[in-house]
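Please read them with the sequence and the coordinates open.

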Amino acid sequence: MAQLGEIANVSGYKPGPALTAAGGVRSATLGTWNLYATMQGQRVLMEHFYALSAIYQPAMMVMTEYFGNLMAEFARAIHEKNIDTGATYDSIMASPVMPMPNGAAIQVSVATPQAQFLEFGFVHHWTGQWIHNPFMMPAADAVAPMYVDALQQFMQLATFRKFFTGPASDAGGNDILGMVRNSLYSYSKYAGDIQVLGFGGLSKSRGIAIKGAKGIGNIQAAQSGTMMARLVRIGAGRFGGSAIRGGNFGSGMMTGPGARIYNRISGRAFGGSLSGIRM
Amino acid sequence: MARALLSPVIDACIAIAESTGLSVGDGVAPDCPKPFVVVSAVSSRRYDGPLSDGEADSADRIQFACVGNTRQSADLARDKVRAALTFTALDAQFNTNGADRRTLRLILDIPRGVQRDDRGLPEPIFTGIDQYLIETTPTGASLMDRTVTDSVGVTDTVATV
């Protein structure tokens, strides 16, 4: 029960009536006792972990892309004071982010022959001085702790993290976190899951909740000037959802609540990457 | 307790390199014949705060560039530094300098090997480069007696339990 409460609190919403567990011992027949336990809100709990597993890869790609480009910017900034022809400066670039089986990777590179002499130093052939102006490794060392911290904070979503702090909050991480939270724990989604599972009578209240949420969201977006980003996110979300649903996910998740979960989660995740970084 | 406010790690590395008998330059080429070693700090991370903070861990990337007229002399210089740079030697230097630090990790992060440079030179120069990542942490002694200097220059000693 305590764990359920903790997870419910992660969302920022109150646990709600269905996040309850009960158990006890009941006498069945003479000399026989049944130990029983019931847990409502199990689906919400399950969604929480489905969401994390599904959103982790896209979110990691977003963060990796962000920090890769940040490292390139740092390297350019450090190298700027030593520009001669500008060829080295111009050649510092981050590759497109690449998905990996357990994560993501990005390559930050510099492409001129003289870059290695600047990076590791050399004896000047006229003056005999030691010239050493590193820029790639200092940039990597500056970004690495921020990158690791962002990923660690993202992993803590599964337990207690409510919002990102430090560098992770600059990486669009809070946007992603907000999407995870909102997509998992909003009342409309929660009620929808009950409906999918066969409990009737909630469609009306669910519809009201959805309308309310959309209305509030659009008003907020209009006030903050992010309406276009919101629309892009919505559009990308739908595309992402259909793409994943038609993809390689397990057959058990192709229909029913599972499909809804992936549709929802993947949509938010793809929308996050589009609106948070590329736009 | 006396505290080295400048980075104690680079100081310790220079002292260790000098203990090998080689000529050592602190970020510049020493005014002496080859072989020599140029020790320089490439980058420095502070995990928790400045080094003057008694609770701050740090990770310093230190480069040893061993320069010689021949591949053998550069390689030999590099090998001497590798042999001398140990946990024990670093901690001993921290003790000597009153740096109130000890070594957490010592990693040879980039062993670049000896490379020959012929560009416009009457004779080639061989340079062997090793970059070490050295993580240090306070010993904890400073937590008991910490000297604090505030923004207006008033120095006070704060006893912390």
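1. The contact between the chains. In this predicted model, 19 residues of chain B are in contact with 15 residues of chain A. On the chain B side, E2, strand E3 (58-68), E4 and E5 each supply at least two of the residues that touch chain A. E2(B) gives the largest share, 5 residues. By type, the chain B residues on this side divide into 9 nonpolar, 5 polar and 5 charged. The model scores ipTM 0.78 and pTM 0.60.

2. Confidence in chain B. The average pLDDT of chain B is 81, and 76% of the residues score at least 70. Confidence is highest in helix H2 (residues 71-84) of chain B, at 95, and lowest in strand E6 (residues 146-149) of chain B, at a mean of 50. Residues 1-5 of chain B have a pLDDT below 50, and this stretch has 16 contacts in the model beyond near neighbours in sequence. Residues 142-146 of chain B are also below 50, with 14 contacts in the model beyond near neighbours in sequence.

3. Layout of chain B. Chain B has 3 helices and 7 strands, and along the sequence they follow the pattern α-β-β-β-α-α-β-β-β-β. Of its 161 residues, 34% count as buried. Among the contacts in chain B with a separation of 6 or more, 59% are between residues 24 or more positions apart.

4. The largest nonpolar core. In soluble globular proteins, nonpolar side chains tend to be buried together. The largest nonpolar core here has 35 residues, of which Ala17(B), Val37(B) and Val39(B) touch the most other members. Both chains take part: strand E7 (122-123) of chain A, and H1, E2, E3, H2, H3 and E5 of chain B, each supply at least two residues of this core. H1(B) provides the largest share, 6 residues.

5. Val37(B) and the second core. Which residues does Val37(B) contact, leaving aside its neighbours within four places in sequence? They are Ala17(B), Leu22(B), Val24(B), Phe64(B), Ala65(B), Cys66(B), Ala77(B) and Val81(B). A second, separate core of 30 residues includes Met63(A), Phe67(A), Phe135(A) and Leu151(A).

6. Helix H3 of chain B. Leu90(B), Gln93(B) and Phe94(B) are the buried residues of helix H3 (residues 87-97) of chain B. Viewed down the axis of H3(B), these buried residues fall within an arc of 100 degrees, so they line one face of the helix. They pack against helix H1 (8-19), strand E4 (101-117) and strand E5 (125-138) of chain B. The exposed residues Thr88(B) and Thr96(B) are carried on the face of H3(B) turned away from its buried side. Just after H3(B), Gly98(B) has a positive phi of about 65 degrees.

7. A cis peptide in chain B. Please check the bond between Lys34(B) and Pro35(B), which is a cis peptide bond with omega of about 5 degrees. Pro35(B) is in the loop between strand E1 (23-26) and strand E2 (36-46) of chain B.

8. Layout of chain A. Chain A has 10 helices and 8 strands. Buried residues make up 34% of its 279 residues. Residues 24 or more positions apart account for 57% of the chain A contacts with a separation of 6 or more.

9. Is Leu70(A) buried or exposed? Leu70(A) counts as buried because it has 20 C-beta neighbours inside 10 Å, and the cut-off for a buried residue is 20 or more. Leu70(A) lies in helix H2 (residues 42-79) of chain A. The C-alpha atoms of Leu70(A) and Val143(A) are 7.3 Å apart, although the two are 73 residues apart in sequence. Gln107(A) is placed in the loop between strand E5 (103-105) and strand E6 (108-109) of chain A. With 11 C-beta neighbours inside 10 Å, Gln107(A) counts as exposed. Between the C-alpha atoms of Gln107(A) and Ala72(A), 35 residues apart along the chain, the separation is 9.7 Å.

Key. Residues are numbered from 1 along each chain as its sequence is written. Chains are lettered from A and ligands numbered from 1 in the order in which they are written. This is a predicted model: local features need pLDDT of at least 70, side-chain atom pairs count only at pLDDT 80 or more; totals for chains, interfaces and linings use all residues. A residue is buried if 20 or more other C-beta atoms lie within 10 Å of its own, exposed if 12 or fewer, and partly exposed in between; C-beta atoms are placed from the backbone. Helices (H or I, at least four residues) and strands (E, at least two) are DSSP runs, numbered from the N terminus. The arc is that of the directions from the helix axis to the C-beta atoms. Two residues are in contact if their C-beta atoms, placed from the backbone, lie within 7 Å. Ala, Val, Leu, Ile, Met, Phe, Trp, Tyr, Cys and Pro count as nonpolar, Asp, Glu, Lys and Arg as charged, and the others, Gly among them, as polar. pLDDT is the predictor's confidence in each residue, from 0 to 100. A nonpolar core is a set of buried Ala, Val, Leu, Ile, Met, Phe, Trp, Tyr and Cys residues joined through C-beta atoms within 7 Å.
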